[in-house]
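Thank you all for coming.

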Amino acid sequence: KGIVEHPELGIGTSAINGKSQIRSVGNSSVLAETCLVEAFNLKAAIEYKQKNEEGAKEALLDMPPRNEAELDAITLHNQAILEMQNEPSAGFKKLTYLLSNPPFPPETLGNLLLLHCKYDNFNVVADIMAENSVHV
């Protein structure tokens, strides 16, 4: 429905064309009014919860294209979680960025700590906990 009603938002163009040649639609009022970002993030979360990582990645790719600097905290968090399998350094970078730039999703700190534990980065976990004692 969003593709038909709002072709200017480029829904699904990232998935079709790849990220490199896609023009950002920005964070327009039309994008906010449609709640498409929220819908795609919800779809990604549902797919991920059902252990369908490819479906979750596809949901994020179907989202109207925006530059990384334009992404909301939920989208950035979801991207980070989905990148951990193939590009853990990129995922850690995004989660760390979110943690240092509130407001961030409440799951951010817990996910960052658990993922560092998964990769045996226990010294980093201790540092993050010390730096974020207010949130722990």
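How many disulfides does the structure hold? The structure holds zero, where a disulfide is taken as a pair of cysteine sulfur atoms within 2.5 Å. Cys35 is partly exposed at 41% relative accessible area, and Cys117 is also partly exposed, at 30%; the term covers values between buried, under 20%, and exposed, over 50%, with a 1.4 Å probe and protein chains only.

Please keep in mind that this is a predicted model, in which local features need pLDDT of at least 70 and side-chain atom pairs count only at pLDDT 80 or more, while totals for chains, interfaces and linings use all residues. Residues are numbered from 1 along each chain as its sequence is written, and side-chain values use heavy atoms, with hydrogens and water left out.

Let me move to Leu60, which lies in helix 5, residues 53-62, helices being DSSP runs of H or I with at least four residues, numbered from the N terminus. Leu60 counts as buried, because its relative accessibility is 13%. Leaving aside residues up to four places away in sequence, Leu60 touches Asn41, Ala44, Asn78, Gln79 and Leu82, a contact meaning heavy atoms within 4.5 Å.

How values were computed:
Helix = DSSP H or I, 4+ residues; strand = E, 2+ residues; numbered from the N terminus.
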